[in-house]
Amino acid sequence: MSKAITKPKSVPSTQKSGTAKKTGVEQTKNRYYQRFHWAQRIAHALLLTSFTTLAITGLPQKYSLSAWGQFLINAFGGIEATRVIHHVAAVVLMLLSTYHVLDVGYKIFVRRVRLTMLPGIRDIKDAFQAFGYNLGFAKKHPQMGRYTFEEKLEYWALVWGTVIMGITGFLMWNPIASTRLLPGEIIPAAKAAHGGEALLAVAAIILWHMYSVHIKRFNKTMFTGNMSEDEMLHEHPLELADIKAGIAERPVDPKTLRKRQAIYWPIAGIISLAMLFGIYGFVGAEKTAISTPPLEEDSVPVYAPQTPTPLPTPTQAQGSGAFLFMWNDPISRIGDIDSSTLVRLQYTVQYTVKLFDWYSQEALCLKKYHPV
Amino acid sequence: MLGLFTENVMTKQPSIKFLRPVRIVLIILGIALILSVGVLLVNPANATPLLSPQELPQNEACLTCHNRPDFQRPLPSGETLSLTIDRDHYRDSVHSTVECTDCHANISEFPHPDLTAQSVRDFSLEMYTVCQQCHADQYDQTLDSVHQKVLAAGNTNAAICTDCHNPHTQTPLTDSNGDLLPEARLQIPQKCAQCHSAIYDLYAQSVHGAALTVENNQDVPTCIDCHGIHNIEDPTTTSFYLNSPLLCAACHTDAAIMEKYGISTNVLDTYVADFHGTTVTLFETQSPDQATNKPVCITCHGVHNIMRVDDPVYGLEMKQNLLARCQTCHPEATSNFPDAWMSHYIPSPEHYPIVYYVTLFYKFFIPGVLGPMAVFVVSDIIRRLIERRKGAKRA
């Protein structure tokens, strides 16, 4: 390994970047090659932020009953806020995907670059060879080109994931529009797929991407854009060879380029407009699922007293005694009582009679309930 | 009245044919009568009762007058306050051993102090606070109730203790274990119906209400099972709304009850797993006072008029009925839309197979992708460790 680094020293590169010039001391030791254009690096930064945002706002929704899920949802300001953040990040990712489609289209149809990201049988062979090498069965680590099988796996997994997440996300975001054509069951199915795919994507990023570019070796190329010759030789020897052979780039003469651009840009414009319109529809097509009319309560009045049975109107007393004992009797209205002797006497007599009356009733009761 | 007086005095008239001891007794009685009248006349302000309460079987003394069926008193409001206490009802009531004056503490003598209440309701409102003397716990609970809040706001129609528990006729509601008696369960909705008759009518037609009122089914909820007993909560609040699925779940996740009727106990879990239920659960735990437009059980199944899902007319098993429910919040929903809600089913090859197979696919796909990745990463780590050791040895 150490041999490989010292071997090529001062072969000038057409792709020598500005960074290499700045680090003048290293220039003699190590040559730097531009690997990622600034636009690609910005795209990666956007992908990084939107993906992370989607993951940290999405997974708590999948595991909303867990303590950590609820903690995160709370931290984002509640479930509705979490959903809004998730949707915003989703729109960023969709716009980024649109840009990427146009960018790739330009590279394929206008610049007609080598399709270095296209997977092939060779990648499978490389993977097995690398695995065999790790286990000690293969003597050599596979020599790979601009993109190793690990990187291709990463890229195509991302494409697959983004497509799945986009489609299932659309279904969940617009269930009413979706079920005009599709069976209703597709919505919970989309939810299941969205959750499963999310778990896969996040786990794969941690396991595969994090390991490959952070743990195995901290690869700063995606942030600086450059890769040293050492690293190139080690990781992308075939690409380095192509660069040195001058076949990495396929320059197009300005005339043909303009011609192709003249065809591509209108088509790209239409495609991008269609995609932007699609994103707009994605976000704004359906209102009823997110803003709903107030819920119906019971349609009956809460306070609806039953008509009480009317009390009997005051009549003459029907008790066993022959006297009247009514509260509307003026002498019984204690509040109105005047202290004349006559009234006092009347009252006293009434009460005495009342007592006799009670004793007689009680005697009857005793007879009734306790017959001798 | 004067007639009565003379009539009474007639009994005292002496007769030559009367035996001497009788005459003496009558004379003594007469003197005693005059003396007592004299005492009253001398000090009318502090009139002592003719008979102290201790001298009579207390409640019977009261019932002497108050057992009269038509005993009543007009009030300034024009209403009539019934003063009748039915002796038999009172004997059967839980308060049969309680003395009248325990509650009517202001009445210690006759004539009674006059009423200050202007209306029948005033009288009840004056009286009901005495319940707390013995029923402090229940009384304190009522202080948190919606009725108390409404009452405090000035609505005197709000229910107080005595509106539900007539203290003179209330029979026992619970057995010795504190469980509600079967007849009590029947009485409860009827009590509430006194003020909430329209809601009662809905309830009586519902699957729960009909089972109770027609079959006397003891498993179904009455009003208090959802609304509480004394601390009846305001059911129109957001927090009540958000918590309501747990009220339903109290019975509907109880296998012992649900088995009898062949009802699934997964209803809560399947609801919580759904988008709506997840949101409501999160609101319930995180912001119980923040309104959400997501449905709870009652939104689809009805608040008081809950019907069987297989009801031939209103049942939610009928797609059209379910769609109508969906459309209350999603007015543009079409006939396919209700299937977006899995009707409390756990996906299986029979029910919601697409969902089942998608879930199954990811069950294998995720480890199918991550597994080989992990194996490769581990092999790579081992290789690097080996090479580092080799490199160190060489160096």
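Let's start with two helices of chain B, H10 (residues 182-193) and H11 (residues 197-205), which pack at an angle of about 145° with their axes 7 Å apart. Keep in mind as you look that this is a predicted model.

Now zoom out to chain B as a whole. You'll find 20 helices and two strands in this chain. Of its 395 residues, 19% count as buried. As for contacts in chain B between residues at least 6 apart in sequence, 51% of them join residues at least 24 apart.

Two loop residues in chain B are worth a stop. Most residues other than glycine have a negative phi. Asn216(B), though, has a positive phi, near 55°, and you can find this residue in the loop between helix H12 (207-215) and helix H13 (223-227) of chain B. Tyr352(B) also has a positive phi, near 55°, and sits in the loop between helix H19 (319-329) and helix H20 (353-394) of chain B. What about their surroundings? Asn216(B) counts as exposed because it has 12 other C-beta atoms within 10 Å, and a residue with 12 or fewer falls in that class. Tyr352(B) has 23 other C-beta atoms within 10 Å, so it is buried, the cut-off for that being 20 or more.

Next, look for the largest nonpolar core, a set of 21 residues in which Ala189(A), Ala190(A) and Val355(B) touch the most other members. The elements giving two or more residues to this core are helix H8 (149-173) and helix H10 (186-215) of chain A, along with H19 and H20 of chain B. H10(A) gives the most, with six residues. Take Ala190(A) as an example: leaving aside residues up to four places away in sequence, it touches Thr168(A), Leu171(A) and Met172(A). Apart from this core lies another, of 11 residues, including Ile79(A), Leu282(B), Phe283(B) and Cys297(B).

Finally, follow helix H14 (residues 254-284) of chain A from end to end. This helix has 31 residues and reaches 42 Å from its first C-alpha to its last, close to the 45 Å expected at 1.5 Å a residue. Along the way you'll come to a kink of about 25° in H14(A), centred on Gln261(A).

Methods:
Residues are numbered from 1 along each chain as its sequence is written. Chains are lettered from A and ligands numbered from 1 in the order in which they are written. This is a predicted model: local features need pLDDT of at least 70, side-chain atom pairs count only at pLDDT 80 or more; totals for chains, interfaces and linings use all residues. Axes are lines fitted to C-alpha atoms, for helices over the stretch in contact, and angles run from 0 to 180 degrees between N-to-C directions. Helices (H or I, at least four residues) and strands (E, at least two) are DSSP runs, numbered from the N terminus. The expected span of a helix is 1.5 Å times one less than its number of residues. The bend at a residue is the angle between axes fitted to the seven residues ending there and the seven starting there. Two residues are in contact if their C-beta atoms, placed from the backbone, lie within 7 Å. A nonpolar core is a set of buried Ala, Val, Leu, Ile, Met, Phe, Trp, Tyr and Cys residues joined through C-beta atoms within 7 Å.
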